[in-house]
Every structure is written in C-alpha cells, then in structure tokens.
Amino acid sequence: MNRKPTSWAHPIAYALGMVKSFATRFGLGIALVILWQFAATRVGSIFFPPPTEILHRAAELWLSGPPRRLFLGDGVFQDVLPSIARLLSGWVLAVLVGLPLGVLIGRSRMASDLLDPSLQFLRAVPGPALIPIFIILLGTESTMRVALIAFGSVWPILLNAIEGTRAVDPLQLETARAFRLPRHARLWRIVLPAARPKIFAGMRVSLALAIILMVVSELVASTNGIGYRIQNSQIMFLLTDMWCGIVLLALLGCALNWLFIKVENRALAWHRGARGRGAAS
Amino acid sequence: MSGRIVDADRKYAAFAATAARVVAGVLIFFLAAEVVTRLEIVPPIYLPRASTVLYRMFALLQDPSFLRQVLATLQAWGVGLTLAILISVPLGVLIGTSEPAYKMVSPIIEFMRPIPSVALIPLGILLWGQGFPMKVILVAYATTWPILFNTVYGVHDVDPIAIQTARCFGLRPAAVLRNISLPSAAPFIFTGIRISASIGLIVVVGAELLASADSGIGSYILFVSSSGGQMDSVLAGAAIAGLVGVAINAILARIDRRLFGWRYLGGAPA
C-alpha cells in the first residue's frame with residue numbers, strides 16, 4: 001500500500017501520490033484506448049473505427065446544438081432522453097409494484113411458500129421472448145416498452161423483498177409485539193429497516209436488467225431511442241454511429257450504477273456500521 | 001439445530017410438505033391465470049387461455065423439431081458459458097492475487113460490467129452473422145463479467161491471516177493458492193457462475209429473437225409470432241424457456257448446496 005500524504009507539507013510528494021493513484025485507477029483503461037486507437041488506424045478495419053473518430057462523431061450527434069439548449073444536439077432529444085425516460089419509468093414502476101407486494105407476501109410464511117415456485121418461474125422467463133405478446137397487447141408505443149422494462153425488472157425486487165422480510169429476526173418482532181407496538185410501527189421500525197439491504201441489492205440487480213430491457217425493447221418495431229439508433233446505424237452500415245451508441249450505453253450504465261451506489265451507501269450507512277463491515281455486492 | 005440425527009421419516013415428511021406446497025402453489029398460479037384469461041378482457045387470439053398454452057406446451061415438448069430448437073439454444077448457452085468460465089476464472093484468480101493488478105483492473109471491470117450485452121447484438125450480427133458463433137460470443141461476453149467479478153473479489157478477500165500463516169509454514173505461492181485462496185474463493189466463483197447461467201439464457205433467447213437467428217427457442221418464438229401471430233405458441237415457447245431456466249437454476253443451487261453447504265449455516269443461498 002502506498003501511503004498518501006494528506007498534508008500540504010510535502011507538495012511534491014502529494015502531487016506524486018495523486019499522479020500515482022490516478023495512474024493505477026485509469027492507467028490501464030487509457031492504455032487500452034490508446035492501443036485501440038493505434039491498432040484501428042494501422043489496420044483500418046471498418047468494424048472498429050478509432051476512438052477519436054467515435055468521439056468526434058458523438059460530439060456531432062449529441063453536443064452540436066445551440067447554446068439555448070445547453071449545446072445538446074438533436075440526438076439527445078430524439079433518442080437519449082426518451083430512452084432514459086422509459087428506463088426510469090419502467091424501473092420506478094417495478095419498484096412501486098415489487099417492493100410493497102414483496103413485503104406483503106414476505107410477511108406471510110404461507111403466501112411466500114405458495115407463491116415461490118410461480119415467481120421463480122416468471123423470473124426465469126426471458127423478457128425478450130415476451131416482446132411479441134407485449135406488442136400485440138400494448139402496441140408499439142412507449143407504453144409497451146415501459147411495461148416490458150417493468151415486467152422484466154420487477155422479479156429481483158419482488159423476490160429480494162420477500163426474502164428480506166422473511167429473514168427478519170423473530171426475536172425482534174416478538175419483543176416489539178410484547179411492547180405492544182402497533183402493526184404499522186412494527187412494519188416501519190423493524191421489518192423495513194431489517195429488509196433494506198436485501199431490497200437495495202434487488203433494486204440494483206433490477207436496474208441493470210432494466211437497461212438491458214430498455215435496449216431490447218428498442219431493437220424491435222421502434223422509431224427512437226439509443227437501441228433503435230444502434231440498430232438503425234448497423235442496417236445503414238454507419239459503424240461509427242453504432243459505436244457511439246454502444247459507448248453511450250456503457251457510460252449510461254456506469255453512471256446509473258455509480259449513482260445507485262451513492263444512494264445505497266447513504267441509505268445503508270447505519271446498517272454497515274451496525275454490522276461492522278460493508279456487504280460486498 | 002435440534003438433534004444431530006435426522007430420522008428418515010422426518011426428512012420424508014419435510015420433503016412431502018415442500019412438495020405439497022409447490023404443487024399447491026403451481027395449481028393456484030395456473031388456476032388464477034386460467035380465470036384471468038377466461039374473463040377475456042382481451043380477445044383470446046391476443047391472449048390465449050392458460051389451458052390452451054399448457055396444451056400447446058405439451059404438444060411442443062413432443063415435437064422433435066421444437067426439441068432441436070431447445071437443444072440449439074442450450075448448446076449456444078453451454079458453449080458460451082464454458083468459454084466464459086475458462087477465460088474469467090484463471091484471469092480473475094490472477095487479478096485477485098496481485099495487489100497492483102487488482103487496483104489497475106477493477107476500475108475497468110466496473111466500467112465494462114454494466115454495458116448491456118444486448119447493445120452488442122447489432123455489432124455481433126455484422127461480425128459473426130446470425131448463427132451459432134454470434135450467439136456463443138454474445139453469451140460468453142455477457143456471462144464473463146459476473147464470474148470475473150466474483151472470482152476477483154473472492155480471491156482478493158481471502159482472510160490475510162490464513163495466507164500469512166500458510167506462508168509462515170513455508171508453503172509456496174502455488175500451494176497457498178491451491179490450498180487456501182481457491183477453496184475460500186470457490187463459493188463466490190460458483191455464485192458468479194450461477195448468476196451468469198441465468199443471464200446467459202436470457203441473452204441467448206434474446207439474441208435468437210432479435211437477430212432472427214437460424215435456430216433456437218428465440219427464433220422459434222419470432223417465427224410463430226410473425227407467421228399469423230400464434231400467441232399460444234409464443235407463450236408456450238416463452239414458458240418452456242422459463243422452465244429450462246428454472247431447471248438450470250435448481251440444478252446449480254443443488255450443486256451449490258452440496259459443495260458449499262457449510263457456508264450457508266445461517267440460511268439458504270440467495
């Protein structure tokens with residue numbers, strides 16, 4: 001472990017430490033991008049355009065708008081924002097349905113035992129396989145896509161909420177009952193806080209699933225969205241545009257994951273403290 | 001918990017109770033689905049009755065040409081997953097055991113992991129066509145990350161005291177790896193494989209459907225939905241894919257419990 005001097009007494013050592021930690025964090029990534037750039041310009045494969053070209057095209061697509069729109073290009077309004085809106089509404093819908101339902105089912109041992117096989121089965125049905133049904137029932141508008149995202153990403157939340165609620169320490173519940181805590185107080189003060197780590201883990205898994213389903217839903221009978229843009233570029237053989245979409249999705253996935261971890265850390269800080277050690281995902 | 005010796009009768013009774021609950025649960029689910037579909041809120045051509053779908057499932061499971069599609073899906077899934085295991089377990093062990101490598105590579109894993117694999121379907125079609133290789137590579141890509149992630153963290157989080165003790169006893173690094181790091185990381189690695197197995201199945205079926213592949217459950221679903229919209233066949237195909245997923249998960253959970261049961265003294269594997 002390199003010790004990082006935190007005081008300004010040794011500015012040079014401090015700067016060196018900063019450079020070193022930056023290099024270990026991003027060094028390999030930067031090296032790989034440079035390697036890709038070098039290889040792409042050398043070989044000149046049309047399938048793998050150099051990163052600079054992708055970056056240039058991405059700026060053209062998404063950052064070429066007028067200043068009154070914060071320089072955001074048409075692509076942002078046509079594809080990126082609708083995608084994100086559908087993703088978030090689908091996921092929020094999944095949380096709003098899965099979380100209360102999961103807690104409700106988890107409170108009853110009988111209900112969770114009876115429903116478990118069916119839920120495991122429904123979770124295992126691949127979301128993309130249901131696209132034909134969703135199109136027939138809900139059309140090809142945003143409603144269908146939001147519904148598909150919600151349906152596909154609800155299971156991890158639901159199952160984890162059930163499991164988390166079931167695993168609440170019975171001693172704590174009995175103590176609360178002995179002290180005559182009313183039902184809603186037991187729910188809010190004991191059941192929900194104890195189940196929270198499980199619930200958050202489920203929400204995180206389902207967020208990753210929601211991104212996948214967002215793309216999947218946009219690859220079929222779609223007229224806009226990041227997934228549509230990627231597929232359309234592939235059909236028109238605009239490979240740089242296609243790569244722009246892939247990179248954007250990667251960044252979106254990372255940003256959402258990072259954001260979620262921030263929220264999770266805040267929400268679970270007391271729990272980590274109580275258990276002494278952070279739970280690995 | 002109670003006695004050490006569990007007599008066969010009690011074990012049998014517990015098994016029977018679980019089986020009864022499963023059967024009752026499945027029956028309730030099926031009856032509820034049947035009632036909802038019989039209300040005909042939407043016309044049955046769009047949403048067929050649950051019993052029609054069930055009937056179609058039995059017909060499909062006896063149809064050799066459909067079973068070949070299931071086999072094609074399982075083949076692509078199995079080869080892709082095996083490839084991912086062969087790549088990411090050794091790589092993960094390598095990264096996890098070396099502190100500098102761990103520090104340098106984990107940001108990259110964190111960046112690559114959330115990339116939705118389905119976003120690569122268009123690229124996959126361009127590079128490898130619509131057949132078996134494209135499916136295998138997409139599955140391998142998608143399933144690599146959970147295994148790699150779990151291997152790296154499993155190996156990295158091995159109790160340092162155990163490793164130092166082994167070193168004090170003069171064990172060579174290879175022996176430390178074999179006797180301490182790997183056994184203690186094995187449950188994590190297996191969890192990664194389990195997660196990957198279910199992700200892989202979703203990715204294969206999705207790729208088959210979205211890339212209109214030449215074979216597989218996904219391409220069957222695409223075919224029946226585009227030729228006259230036989231929704232009972234679509235749902236039956238999706239349900240069979242789901243059953244395959246449940247079966248795979250159940251088998252892997254069983255193996256997990258048998259191999260690493262000692263880890264789950266507090267409760268069942270998540």
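Read from the N terminus, the elements of chain A follow the order α-α-α-α-α-α-α-α-α-α. In total, chain A holds 10 helices and 0 strands, where helices (H or I, at least four residues) and strands (E, at least two) are DSSP runs numbered from the N terminus. The model is a predicted one, in which local features need pLDDT of at least 70 and side-chain atom pairs count only at pLDDT 80 or more, while totals for chains, interfaces and linings use all residues. Residues are numbered from 1 along each chain as its sequence is written, and chains are lettered from A and ligands numbered from 1 in the order in which they are written.

The C-alpha trace of chain A spans about 75 × 65 × 40 Å along its principal axes. Its radius of gyration is 24 Å, whereas a compact globule of 281 residues would have a value near 19 Å; the radius is taken over C-alpha atoms, and the globule rule is 2.2 Å times the number of residues to the power 0.38. Of the 281 residues in chain A, 36% are buried. Here a residue is buried if 20 or more other C-beta atoms lie within 10 Å of its own, exposed if 12 or fewer, and partly exposed in between, with C-beta atoms placed from the backbone. Among the contacts in chain A with a separation of 6 or more, 68% involve residues 24 or more positions apart, a contact being a pair of residues whose C-beta atoms, placed from the backbone, lie within 7 Å.

Most residues other than glycine have a negative phi. A:R180, however, has a positive phi near 60°; this residue sits in the loop between helix 7 (170-178) and helix 8 (183-218) of chain A. A:R180 is exposed, with 7 other C-beta atoms within 10 Å. A:F237, likewise not a glycine, has a positive phi of about 65° and belongs to the loop between helix 9 (226-235) and helix 10 (239-275) of chain A. A:F237 is exposed, with 10 other C-beta atoms within 10 Å.

Turning to chain B, the secondary structure comprises 10 helices and 0 strands. The C-alpha atoms of chain B fill a box of roughly 75 × 60 × 30 Å, taken along the principal axes, and 39% of its 270 residues are buried. For contacts in chain B between residues at least 6 apart in sequence, 72% join residues at least 24 apart.

Within chain B, helix 4 (residues 99-112) packs against helix 6 (residues 132-156) at an angle of about 150°, with their axes 11 Å apart. Axes are lines fitted to C-alpha atoms, for helices over the stretch in contact, and angles run from 0 to 180 degrees between N-to-C directions. Helix 4 of chain B is therefore roughly antiparallel to helix 6 of chain B (the term applies to angles over 145 degrees). Helix 4 of chain B contributes B:Y102, B:S106, B:I109 and B:M112 to the contact, and helix 6 of chain B contributes B:W145, B:L148, B:F149, B:V152 and B:H156. These residues divide into 7 nonpolar, 2 polar and no charged. Ala, Val, Leu, Ile, Met, Phe, Trp, Tyr, Cys and Pro count as nonpolar, Asp, Glu, Lys and Arg as charged, and the others, Gly among them, as polar.

Finally, the contact between the chains takes 54 residues from chain B and 47 residues from chain A. Helix 10 of chain B gives the most to the side of chain B that touches chain A, with 12 residues. By class, that side has 41 nonpolar, 11 polar and 2 charged residues.

How values were computed
Angles under 35 degrees count as roughly parallel, over 145 as roughly antiparallel, 65 to 115 as roughly perpendicular and the rest as oblique. Two residues are in contact if their C-beta atoms, placed from the backbone, lie within 7 Å.
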